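Welcome, and please have your viewer ready. We will go from stop to stop, with something to select at each one.

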Amino acid sequence: MPRSPSDSSSLLVMRGIVKQFPGVRALDGVNLEVRAGEVHCLLGQNGAGKSTLIKILSGAHEPDEGEVLLDGSPVRLAPPTAAMGHGIATIYQELDLVDGLSVTENIFLGHEMATFGFSRRAEADRATAELLERLGHGEIRPRTEVGSLSPAHKQIVSMARALSHSARVIIMDEPSAALDHDEVGNLFRVIRDLTSQGVAVIYISHRLEEIREIGDRVTVLKDGRTVAVGLVAKDTPTSKIVALMTGRNVEYVFPPRPGRGAHDGRPEVLRVENLTLPGRFADVSFSIRAGEIVGLAGLVGSGRSEIIEAIYGARRAGGRVVLDGRTVRPGSTTRAVRMGMGLAPEERKTQALLLDHPVAQNITLASLSRYTRPRWLGWLDRRTEFAEAERLSQALDIRPPDPRRPIRTLSGGNQQKAVLGRWLAEDRKLLLLDEPTRGVDVGARAELYALVRKLADDGIGVLLVSSEVPEVLGLADRVLVIREGRIVHEAPAEDLDEHRVLDLVMVSAGQRPGSDVAHPSTEGASHD
Amino acid sequence: MTEVDQAAPTGPRLKAAGPGGRFGRLGEVRHLGLVAALTLLAIVGLVTRPENFATSSNLVSILALASTIGVITVGMTFVIIGGGIDLSVGALMALASVWATTLATQSYGPVVMIVCAVLVGTGAGLLNGILIAYGRMVPFIATLAMMVAGRGLAQRMSNQRTQLVQQDNSLIVSLSTTRVLGLPLLVYVFALVVLFGWLVLNRTTFGRRTYAVGGNPEAARLAGIDVRKHTLLLYALSGLCCGIAAVLIMARTTTGSSTHGDLYELDAIAAVIIGGTLLSGGRGTIIGSILGLLIFTVITNLFILNGLNTADQLIAKGAIIVAAVLLQRRSLKTHT
Amino acid sequence: MTEVDQAAPTGPRLKAAGPGGRFGRLGEVRHLGLVAALTLLAIVGLVTRPENFATSSNLVSILALASTIGVITVGMTFVIIGGGIDLSVGALMALASVWATTLATQSYGPVVMIVCAVLVGTGAGLLNGILIAYGRMVPFIATLAMMVAGRGLAQRMSNQRTQLVQQDNSLIVSLSTTRVLGLPLLVYVFALVVLFGWLVLNRTTFGRRTYAVGGNPEAARLAGIDVRKHTLLLYALSGLCCGIAAVLIMARTTTGSSTHGDLYELDAIAAVIIGGTLLSGGRGTIIGSILGLLIFTVITNLFILNGLNTADQLIAKGAIIVAAVLLQRRSLKTHT
Amino acid sequence: AGALVSACTSNEPVATQQASAPAAAPAAKDGNDAPGEKVVIGFSAPAADHGWIAAISKNAADAAKQYTDVEFKPVEPTNDINQQISAVESLIQAKVNVLVILPNDGQQLNQVARQAMDAGIPVVNVDRVFPDKLSYRAWIGGDNYGMGVAAGHHIGKTLKDKGVSNPVILEIQGIATLPLTQDRSKGFADALKTYGFKVTAQQDAKFTVESGTQVAANLLQAHKKIDAIWNHDDDQGIGVLAAIKEAGRNEFFMVGGAGSANAMRDIQADSGVLKATVTYPPTMAGSAIKVARLIAQGKGMSDLLEQQVPQSITLASETITKDNAAQYLPLGFES
Ligand SMILES: Nc1ncnc2c1ncn2[C@@H]1O[C@H](COP(=O)(O)OP(=O)(O)OP(=O)(O)O)[C@@H](O)[C@H]1O
Ligand SMILES: Nc1ncnc2c1ncn2[C@@H]1O[C@H](COP(=O)(O)OP(=O)(O)OP(=O)(O)O)[C@@H](O)[C@H]1O
Ligand SMILES: [Mg+2]
Ligand SMILES: [Mg+2]
């Protein structure tokens with residue numbers, strides 16, 4: 001590969017970039033230098049300013065100060081069309097697709113193939129099919145409505161869209177957050193393909209092992225400033241990067257777990273019998289004991305989230321769910337909560353948060369009736385409520401430590417802590433955690449792991465879903481491996497390693513896991 | 001994720017961040033704009049009609065005019081914050097007023113009439129709620145159907161005639177004619193409803209849940225809130241307000257009629273939105289809605305005092321709405 | 001990604017999975033429900049009035065009735081898919097009809113009258129667009145203000161009188177009286193507008209971008225679309241449709257009047273929503289809206305054919321709207 | 001001569017009938033028009049969204065302008081009862097000398113009119129009557145029942161003369177929920193009954209041109225052969241006629257209502273189906289202003305023997321046909 005670190009011809013240079021938001025100085029003099037044909041990684045804690053920086057590059061924000069040089073000459077990148085004109089394409093962190101439009105239309109949105117305003121649809125469809133083929137996802141059909149795609153496929157479409165611009169610089173803001181191991185490998189293949197053609201890739205991720213695998217050089221941001229520029233990825237130890245990011249030494253390790261068989265005598269918190277939702281999952285049976293953390297491992301689309309949601313009553317499914325000896329009637333989250341369950345859902349922003357509301361109100365949302373007096377009147381004792389929220393946010397070390405701030409202004413990791421905090425206000429018997437660390441930085445992760453373990457030690461049962469196999473293996477006591485909606489293996493975490501899990505998880509050789517993501521829903525349609 | 005913000009789908013805002021920020025302050029600042037607009041209108045009143053505008057009897061008249069629709073606006077605020085909309089309010093008020101003034105009902109005396117109006121309003125509101133929460137109909141269509149059918153039923157019950165409140169039941173009329181401390185009783189009813197609405201919205205779990213249900217129904221559901229039941233209750237509450245408003249309009253006009261409350265739905269929705277509540281739900285205040293409503297009422301009063309003709313009055317009203325909103329925007333900007 | 005679905009905030013859907021799915025088929029299936037509702041209505045018509053309903057003159061009459069508001073519905077579909085709403089349509093049609101029938105305008109002959117109506121509609125629509133896209137006003141409020149002011153201006157211009165189209169300009173009236181292949185010309189105008197709207201919405205970049213602007217304005221902006229300009233154009237388009245509708249209503253009633261198009265805004269919005277367009281924007285079809293509108297027109301026709309009185313008409317209309325929506329839901333369910 | 005059936009079936013017990021054709025010009029024969037003590041006349045009417053109501057407001061203003069001793073104080077016209085109540089309240093507060101009120105609904109405005117009377121402000125009630133006699137000093141208005149009767153007689157007689165049996169007679173009302181509409185329909189039905197006829201179908205068209213077109217278009221589909229139509233209002237009649245023309249129907253004749261200049265011209269030209277109209281003169285508003293002035297100044301009507309203005313004045317509804325259209329044309333209001 002034509003990559004030489006000595007090649008000093010910088011394609012893109014940013015100098016002294018400042019960006020001020022009302023009340024926040026998101027960027028405070030950031031420098032960045034990117035070379036042609038390299039994968040330049042941008043690292044930093046949640047809220048460090050990574051997304052803001054790349055939004056300046058993509059023309060979505062205008063910087064307050066500083067300059068951007070492309071090929072040595074200063075350029076103006078706003079509005080987004082200008083950045084595109086300069087050959088800069090972006091895959092945003094928040095999926096930026098239009099659900100109501102087809103795959104093709106999303107990919108060519110803003111730069112449609114058209115004659116006198118009329119779309120040349122066949123031609124665009126062909127181009128789309130080629131792009132998707134190149135990304136290894138020929139099975140996504142160009143005319144499919146994007147809203148019906150799984151998150152992983154949406155991510156692929158976003159990528160295809162960036163490629164459609166034939167850009168010189170492609171920015172990827174946490175592209176792997178919605179992808180599983182296999183998909184990430186696929187993504188890396190595409191990235192290598194791009195860099196070999198001289199395209200520069202700016203890559204953002206909180207998964208440090210990915211940086212090691214794909215990255216050439218690393219720039220680290222902290223609190224809106226550059227703390228390290230152009231470190232060579234292969235040569236810098238992870239611990240050093242983490243120290244640069246967080247300003248302290250975080251052990252990227254999991255809390256110790258109680259020994260094998262520690263839970264044997266303890267009561268069953270949850271028992272699931274033959275849980276079935278046709279077309280999604282079938283015959284799921286397992287149990288969780290008090291103090292136990294059970295992990296669900298599987299590929300994206302294997303049905304883990306749906307199993308969790310069915311247990312919680314958010315989806316109706318056949319079978320039986322028993323919580324603490326009592327059968328849970330399906331179909332009502334209200335009942336599930338009353339019986340002692342709690343769910344930290346997969347998509348924080350859409351499924352858990354009231355973005356405009358203060359942190360405090362987000363924390364107390366599920367336990368409001370605790371602060372009423374008298375209860376039947378529903379009269380809120382707001383002082384007690386606030387005190388409780390404050391206590392929890394301190395206990396969870398939510399930063400900034402002001403429960404009155406709208407939760408929108410917090411970084412992802414801190415938002416996630418508030419979501420967990422919601423279930424700590426009241427005694428829970430079972431916590432269902434779906435991708436609890438998605439988009440959360442290393443430092444915050446370690447804290448979350450410790451918190452979950454502590455909750456378990458206090459006697460709560462935990463069901464954990466994560467697409468990061470090491471996380472499941474590191475945190476859970478016992479692991480259930482899910483494939484195509486069925487439990488295919490169950491073992492204590494100590495008895496498994498990453499390779500073994502990946503083998504179990506894979507669908508029979510030759511078949512792409514991605515193709516499964518789309519099919520069950522189609523089948524479901526024809527069954528009914 | 002961009003909020004699908006129906007209210008302002010075009011703003012080139014980023015993720016609706018920005019001024020939406022601080023909670024308490026936002027409230028205050030929003031109201032500041034409305035108060036400024038009201039003050040401006042008052043100044044216009046004082047300048048153009050110095051001898052009429054600021055008289056206590058005129059102010060009482062403004063409040064009395066605002067009472068009926070004001071009660072409805074309180075219910076509408078709940079519904080809109082909860083992510084819905086209620087087009088049936090005017091029709092439900094008419095229906096309740098007709099039902100309560102049929103000869104049959106009137107024969108039981110004023111208390112039964114009041115109970116009847118309130119029950120009819122609440123019942124029809126419940127039906128709205130059932131269609132929306134359990135029949136999963138779009139609120140706009142469900143309440144539109146209710147609006148149409150409600151007026152039809154009212155016409156049918158009243159035989160398309162205006163029904164007088166009979167002499168025996170003049171207790172109801174006394175709500176409008178009896179004054180305490182210079183204010184007709186119906187203004188007190190209005191004030192009580194506003195106070196009650198404010199307390200429920202700001203001080204009870206029901207109110208808190210209303211914001212959650214409107215702001216992010218999925219999150220509310222996953223937090224264990226029974227979103228459907230809550231939605232049902234919101235429409236019932238709006239219906240209840242229509243029932244109370246029916247009593248007030250009976251008191252004020254001494255009649256029940258299928259023509260009462262024509263286009264109240266538009267006025268109430270406009271007041272709520274001018275008051276800073278998002279049409280997409282999850283935000284808003286009772287105080288804002290009431291200020292919005294008062295702006296409309298004062299505008300009307302100024303027109304009456306100045307004897308503008310219909311045409312000019314409409315033109316001016318349109319212009320004032322635009323001006324008030326832009327003024328409010330301005331005061332928001334300078335404060336963030 | 002849960003769509004913040006203003007339309008159905010209560011559904012216990014997860015991640016908008018479920019029927020929202022396939023594109024082409026969805027379209028078909030949605031329309032299937034509407035077609036089923038229309039068919040049912042037609043059967044009712046055939047059974048109750050066998051000698052009147054299915055006559056060609058009655059069908060022509062239904063189409064002619066649907067033409068005016070149909071043209072407006074096309075514009076409304078664009079605005080709502082683009083994430084907005086336009087309450088001013090009825091008023092703009094009235095204003096355009098009045099402006100085009102003033103003595104001054106009429107003296108220039110029919111062509112100038114038509115141009116005048118279209119320009120007035122488009123101009124007022126542009127003003128809506130400016131207020132919303134650049135003044136960042138909430139569409140509901142901006143177009144409400146325009147509705148109020150538009151009617152006022154129309155009343156002022158016409159001196160609150162009905163203005164007759166003069167004998168010299170009867171070319172305009174001939175749009176309604178001249179028939180080609182049995183259909184009055186105005187039905188062709190309607191059909192052309194629908195065809196044009198369909199082409200623009202489905203086959204041009206402008207149309208596809210409208211979905212993006214309504215469905216995810218932030219994504220549209222990041223894709224380099226000028227969201228504000230696009231929004232502006234959407235309201236101008238709606239205004240243009242009002243101008244065309246004004247010509248049709250002039251042809252049909254032989255007058256311009258400030259009372260034309262009363263409550264058209266509600267009817268048009270209802271037709272669009274019944275047709276499957278989300279009030280929150282980003283989804284919808286022209287065909288659906290037109291089918292929705294036809295349902296309303298056929299209902300009215302059936303009522304009058306059967307001699308129902310107003311009260312019963314209203315009650316039945318409310319019930320039919322509910323039934324149609326539930327029927328549509330059912331047909332959606334069985335197909336996914 | 002046309003079937004001039006004078007409306008002697010007034011439902012007002014103390015009605016004073018005016019001469020058959022109202023005087024075309026305000027008569028200034030006596031001292032009553034000479035400037036007297038200054039009076040402030042408050043005026044409230046529904047919003048003018050319609051030719052007849054517009055003529056009401058205009059006639060009132062024109063009549064007031066004739067007198068130097070009258071200060072005319074109109075308030076914002078509105079179609080919302082609640083607002084009209086406030087408007088009248090504001091006039092009471094402004095302490096006008098006399099009030100002229102055309103209420104949106106007599107019953108609903110009764111209370112506030114009573115307040116005015118109690119406060120010593122005489123109220124002249126125009127057209128839609130207050131149910132409580134204590135609420136007004138004088139009432140002046142058209143004869144809605146009589147109007148229906150006139151239309152019924154005209155249609156009945158014409159059809160009888162033609163020898164039609166079982167005729168199809170359609171009625172297009174104004175706003176169905178107004179008492180005046182119900183009075184008109186009752187008079188119409190009663191008069192038809194004397195000929196053994198009845199109304200085949202009835203729809204309401206909200207007093208607007210557009211609604212007139214729509215209702216008529218549908219009614220024409222519902223009835224393949226029609227003998228006569230009575231349309232309550234000449235304004236909405238423009239729309240009705242447009243629909244008839246569009247459908248190319250002419251097997252029937254139509255009678256209008258209210259008496260717009262436009263309708264009279266059509267009748268005079270005898271070019272279409274409109275053969276007659278029954279009047280409901282908006283000049284009543286001008287007369288009301290005159291009456292109000294006299295009441296405030298304590299004068300009587302000089303043609304009458306009484307010292308005071310009568311309590312009730314019912315205008316006759318007259319039938320205008322091709323024969324007498326020319327005579328009435330100056331009194332017709334422009335739509
Ligand atoms: N539009 C905005 N208005 C106000 N503050 C903002 C806005 N966008 C970002 N911020 C703030 O700027 C800071 C940097 O945010 P940014 O999204 O760039 O962080 P990030 O490094 O991408 O974090 P993450 O890893 O969680 O994605 C944060 O404090 C954030 O709250
Ligand atoms: N929005 C959607 N529309 C259609 N099908 C969906 C959607 N979301 C998920 N699915 C389908 O549901 C099935 C299970 O998805 P689920 O989200 O439960 O999987 P998962 O293992 O939790 O994966 P992830 O890690 O993405 O959450 C998959 O077949 C997927 O294709
Ligand atoms: Mg980020
Ligand atoms: Mg999942």
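In which helix of chain B is B:Ile43 found? Select helix 1 (residues 23–48) of chain B and you will find B:Ile43 there; helices here are DSSP runs of H or I with at least four residues, and strands are runs of E with at least two, numbered from the N terminus. A word on the ground rules: this is a predicted model, where local features need pLDDT of at least 70, side-chain atom pairs count only at pLDDT 80 or more, and totals for chains, interfaces and linings use all residues. Residues are numbered from 1 along each chain as its sequence is written, chains are lettered from A and ligands numbered from 1 in the order in which they are written, and side-chain values use heavy atoms, without hydrogens and water.

Stay with B:Ile43, which counts as partly exposed because its relative accessibility is 45% (buried is under 20%, exposed over 50%, partly exposed in between, with a 1.4 Å probe and protein chains only).

Next, select helix 7 (residues 170–177) of chain B, whose buried residues are B:Ile172, B:Val173, B:Ser174, B:Leu175 and B:Ser176. Their cover includes helix 8 (185–203) of chain B and helix 3 (106–118) of chain D.

Now go to ligand 1, which lies between chains A and B. Around ligand 1 are 17 residues, with A:Gly47, A:Lys50, A:Ser51, A:Thr52 and A:His206 the closest. Show distances: an oxygen atom of ligand 1 is 2.8 Å from a polar backbone atom of A:Lys50, and one is 3.2 Å from a backbone N or O atom of A:Thr409.

Definitions and conventions: Contact means heavy atoms within 4.5 Å. A residue is near a molecule or strand if one of its heavy atoms lies within 4 Å of it. A polar contact is a pair of N or O atoms within 3.5 Å; within protein, one must be able to donate a hydrogen and the other to accept it, and residues adjacent in sequence count only if both atoms are side-chain atoms.
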